[in-house]
Protein chains: 2
Amino acid sequence: MSDMAFRVTQSPEGTAARRGVLTTPHGIVNTPAFMSVGTKATVKTMAPDELRACGAEIVLANTYHLFLRPGHELIAAAGGLHGFMAWDGPVLTDSGGFQVFSLAASRKLTEEGAEFRSAIDGAKLMLSPEKATEVQNALGADIIMMFDECAPHPSDRSYVADSMERTLRWAERCIAAHTREDQQLFGIVQGGMYEDLRQMSAERTVALDFPGYAIGGLGVGEEKPLLYDMVAHTAPLLPADRPRYLMGIGTPEDILHAVRCGVDMFDCVLPTRNARHGFLWTSTGPVRIRNAQYREDLTPLDAACDCSTCTRFTRAYLRHLYVEQEVLAARLLTNHNLHFYLHMMLGVRDALSVGDAAALSSPAEALFLRGIATKEKGRP
Amino acid sequence: MSDMAFRVTQSPEGTAARRGVLTTPHGIVNTPAFMSVGTKATVKTMAPDELRACGAEIVLANTYHLFLRPGHELIAAAGGLHGFMAWDGPVLTDSGGFQVFSLAASRKLTEEGAEFRSAIDGAKLMLSPEKATEVQNALGADIIMMFDECAPHPSDRSYVADSMERTLRWAERCIAAHTREDQQLFGIVQGGMYEDLRQMSAERTVALDFPGYAIGGLGVGEEKPLLYDMVAHTAPLLPADRPRYLMGIGTPEDILHAVRCGVDMFDCVLPTRNARHGFLWTSTGPVRIRNAQYREDLTPLDAACDCSTCTRFTRAYLRHLYVEQEVLAARLLTNHNLHFYLHMMLGVRDALSVGDAAALSSPAEALFLRGIATKEKGRP
């Protein structure tokens, strides 16, 4: 584990937030980090060099989708995800648990694992702690996740407690099944929206001594204040010397909240999915590019942004491409949103480096440190 | 016209093919040239810098589509097509004639022009020699095309003769309507599949002294031998000191045939459209990437090709992306096909520079000169 250590480098007074460095066989990840989601071994619309240019240091891929098609054996033969998708930086795979349990109607949960039918050909498939670990060992990511159950919300306390116990048993089976020294296997804390179950889950998961810990089971339909409370409650239960990963969250504001709670790693489909739906984050607020007000707007999407979309194209052109459903629209808008997220994280890390905790209060404050928001807008 | 002259630089013995240089306000175009089709002010899936990297020197945009949406006024306000689409090289626009006449059921043809209903909002619109020229003046391309009628195939001789006469009258009206000294207005030869009408159309169009001439009305459903005959018949009727442009043609083999007949400029949607349908040209023959034989094929799409698709990704990965309908598939495959076409044209120009007319006999022969086909395959 020595070559994959996590090190907290700065932890300013007055905030639980910390800056760190996660070392993997494919390079380091500066934290707090946002991981771009490459579900099917491609961050939708983006080429690997463009991800780098946006500031990406690590990408995430989804075990469930890749297990179904094209299959982990092929990806292993191609040199793992790194070789297959020609991304030579760090990769994290989820375990498939979240996706399987989202198929509520068509899967069957047992102590063994989850049986489900392939959405592609109807074949009966099983993901279990052992299978999910085997598949992830084959996919070859630098960080892999234990197979857990993500309880729906709302759920009875007794259901969540049983589910949490099963997830803890599965955690031990994942550790036993994991075979590759060059992959870090992270544990996942569950416990639904119950603070005592979260605490029990955290304590007993930490007792298994994973090199990193995720907070799972959030962003499943709960109200925002509840999400924020659960993050604030759970993050400090995790050891300070291991990376903390909040799965599947969220908006820029959600991420900043979690950073302030001491979370180090994030992933979310919002920047890429919203871009494809014409919703853009900018330093001066959201832009829905389809709106008629941008029809003749010959200014950049975000005048303060130095991404390859904003430095080359106008809102009028982006709107035209979007209205015409041109592929270039999805590309250019995705590029901008990822740049926004990744440069907000750069600003967060800058803020932690210089001990400027106030810059963690809003996206514009964080971006201001990168020169991607004006003083007027960024420091009202 | 002095800054937009066409100059034939090499014209080897034993072939009508010639190498030339077309000078425009946005740079030179080396001929024979293939123009990538950017119908809606975007070469589908491609960013401008990627077109350059593929070897593109000029792109084509479609007046009909841009007239309908977003409108030529907006594009003029954005600095013309060059500013709007952020392509600083030469641009050519067609006149919209071909698209309007393809709407056979819903347009009405008069001496004035063509009335049609907008496919977007049903509005009644008119394109005429004057309107098409005005719109193209606003779009601001370096080369614009006269408004012509493209007769369907098959058509009676009398219909084609009448249509040709009207197109000749329209040619004079386009010249009268054209207002910009920095745009070259090209004439178009019609005459259907009738050699004598082609000859009459060529002679009378040439008498109007355009700076360049297109061969229109081909690729409209005729058999390949007839297309080839009509190109061979018409090209030599056009003046040797002006560029000759074969509109909307074709496959690599079609283009090489026309090059051998003395044609200088080409455009076609085949490389981009076929790429999106998973059909790729390679130095060793066509590849339909969806085919199961490529599922586990960890070799490049074209081992001899140095495009950014072939140097980074495997057939197995491209097939995966294609099967999953990922945007990156359309991008990477389009990139390869355009690189194939544009590097074939580079090979053609190399062949003409060194007087190697034999290298014009097949795509592999032309690519061999660029190192993009092996000696074994390229020179069987």
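A:Asp209 is exposed, because 10 other C-beta atoms lie within 10 Å and the cut-off for exposed is 12 or fewer. The model is predicted. A:Asp209 also has a positive phi of about 60 degrees, although it is not a glycine. Most residues other than glycine have a negative phi, and most peptide bonds are trans. The points below cover backbone exceptions in chains A and B.

- B:Ala86 is not a glycine either, yet its phi is positive, at about 60 degrees.
- The loop that holds B:Ala86 runs between α4 (80-85) and β6 (91-93) of chain B.
- B:Ala86 is partly exposed, with 19 other C-beta atoms within 10 Å. A residue counts as buried at 20 or more, so B:Ala86 with 19 is partly exposed.

- A:Arg69 and A:Pro70 are linked by a cis peptide bond, and omega is near 10 degrees.
- A:Pro70 belongs to the chain A loop between α2 (63-68) and α3 (72-77).
- The peptide bond from A:His153 to A:Pro154 is cis too, with omega about -5 degrees.

**Where to look**

- In chain B, the loop site is B:Ala86.

Note on methods. Residues numbered from 1 in each chain as written. Chains lettered and ligands numbered in written order. Predicted model: local features only at pLDDT ≥ 70, side-chain atom pairs only at ≥ 80, totals over all residues. Helix = DSSP H or I, 4+ residues; strand = E, 2+ residues; numbered from the N terminus.
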